[in-house]
Amino acid sequence: MKTVSLVHKTEELANKTVVFDFEGTLLRSASLFPYFMLVAFEAGGLLRSLVLFVSYPLVWLVGEDQLGLKIMVFLTLFGIKKDTFRIGSAVLPKFFLENMGWEGFEAIMRCNKKVASSKLPRAMVEGFLKDYLGVEGVIARDIKSFKGYFLGLFEEKKENNTPTHRYDEATAGNDNTISITGSHIEYIDQELFPYFKQKVCLMLSSEERRNWHVLPKERYPKPLIFHDGRLAFRPTPASSLAFFMWLPLGLFLSICRFTFGTALPFNLSAPVLAFSGTRTTLSRPQNPLSLVQNEENQKGMLYVCNHRTLLDPLYIAYVLDKPLSAVTYSLSRFNELVAPIRTIRLTRDRERDRETMDKLLSLGNLVVCPEGTTCREPYLLRFSPLFAELTDDIVPVAVDVKVSMFYGTTASGHKCLDPFFHFMNPNPTYFIKILDRVPLSETCLGGGRSRIEVANFVQREIGNALGFACTSLTRKDKYMILAGNEGVNEGPCHNCK
């Protein structure tokens, strides 16, 4: 088989059926270790990921293709519960897309029908290939299970488990079929090609893939709005080493930052947090007078912000240097107890929540996050319009967070650990931009607008300030995608004390 450049073959692939090696055709780096490391950490915990990392020299020595692959599969998946395993659809897609070559992606997406082959277990890769690339079928091995738990061993190949049984005739028996591979052509040949009447095989070199450009986010087959998991970086062997070296210091810093941030007033804690490496950038409104409260209004000011982490209301209270109350759906019992500002839990009963928020506003200033849940990517979820009915003194607040190692949010993990993971980053950075107060003409009481119009106006203002795209997605959509539920309790630590 002759090695070719896929760039020069792109036009030939239009309207063809293609069978491609996922790792060798689309990924700029075909190393599988980072994806197993992600699964080991997110599904198995710190100890399992440490064992996998320590075992990497052996994996490298024997090679990732055969024995090394089996070692990684066993160490990563043994004992993991099968029914609740969602890492392949909730965590890995982000890292697949970030490692994807633009040139390979453009070539594959020109094809009419696509069948993907992967060395990764089916549970880790099938969801991404079907949801994002629209493949007709996936050739990948299943993992043996016993009483609902993975055994960490590949299933043996079955005689009747052939492509002619798994895929429709248009895909398996097409005369106009091309295959593209990078490394494991023998696996594709044995599994699929005996069933094609005619085959044209192209082989890519690893050098060509390494020179490909990273696929831009605007070229993703669909927007990556939701993803889960704690790790914010791709854990290659080198970055994993840095991660484990940083962990003891990061844990110490996190405890110190959390303690000082909650126990000390802002004018004392801010210098300490800054010295420890945290960063806070504040942008005030163009017209400071817009924040002056109407003397005729007996209520406090309502600050409406987008939701990036559970710390949003706390940072807003600090930068404003004003006493604030916050309402939330998802704050854990532990975080509620230690929060330095007043926090009230909402019930999702519209009338009860309205009364609660109205009462808090009559007592002072209030901050709300109408998205109802956090979003990591540059998108805004639909704003619940309940806040618009309460007052005309509404101040939008745009919030963004930058982290390099850990995400301080989770859909399926322990939410009481969110602040600790955020503060465990070397330099966690908060960007807060306080916008001008909503014009009276755009409010419900003074401008005659509907509550939905007001909510959409505030969403657009915050989106424009941050450069984020506004969506109509809700917290229910997020949790159905990431956790397979409606997010009523938002994680196992929702009620931890």
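The legends refer to a predicted model.

View 1. Leu61 belongs to helix α4. With a relative accessible area of 64%, Leu61 lies over the 50% limit and is therefore classed as exposed.

**View 2. The largest nonpolar core and the surroundings of Phe128.** This core has 73 residues, and Phe20, Phe22, Phe36, Phe128, Leu129, Phe243 and Phe406 are those with the most contacts inside it. Helix α2, spanning residues 33-44, gives the most to this core, with 8 residues. Apart from this core lies another of 27 residues, among them Leu302, Val304, Leu360 and Ala455. In soluble globular proteins, nonpolar side chains tend to be buried together. When neighbours within four places in sequence are left aside, Phe128 is in contact with Phe22, Gly88, Pro93, Phe96, Leu97, Met100 and Leu133.

**View 3. Helix α21 and the elements against which its buried residues pack.** Helix α21 comprises the 16 residues 451-466. Val454, Ala455, Phe457, Val458, Gln459, Ile462 and Gly463 are the buried residues of α21. Ala455 is also among the residues of the core of 27 residues. The buried residues of α21 pack against the strands β9 (302-305), β13 (379-380), β14 (394-402) and β16 (469-470), and against helix α20 (444-447). After α21 comes Gly467, which has a positive phi near 75°.

**View 4. Thr347 in the loop between β11 and α18.** The loop that holds Thr347 is placed between β11 (342-345) and α18 (350-363). The relative accessibility of Thr347 is 37%, which falls between the limits of 20% and 50%, so this residue counts as partly exposed. Beyond its neighbours within four places in sequence, Thr347 is in contact with Arg352 and Asp353. The C-alpha atoms of Thr347 and Tyr329 are 7.2 Å apart in space, while the two residues are 18 residues apart in sequence.

Technical notes:
Residues are numbered from 1 along each chain as its sequence is written. This is a predicted model: local features need pLDDT of at least 70, side-chain atom pairs count only at pLDDT 80 or more; totals for chains, interfaces and linings use all residues. Side-chain values use heavy atoms; hydrogens and water are left out. Helices (H or I, at least four residues) and strands (E, at least two) are DSSP runs, numbered from the N terminus. The expected span of a helix is 1.5 Å times one less than its number of residues. Buried means under 20% relative accessible area, exposed over 50%, partly exposed in between (1.4 Å probe, protein chains only). Contact means heavy atoms within 4.5 Å. A nonpolar core is a set of buried Ala, Val, Leu, Ile, Met, Phe, Trp, Tyr and Cys residues joined through side-chain atoms within 4.5 Å.
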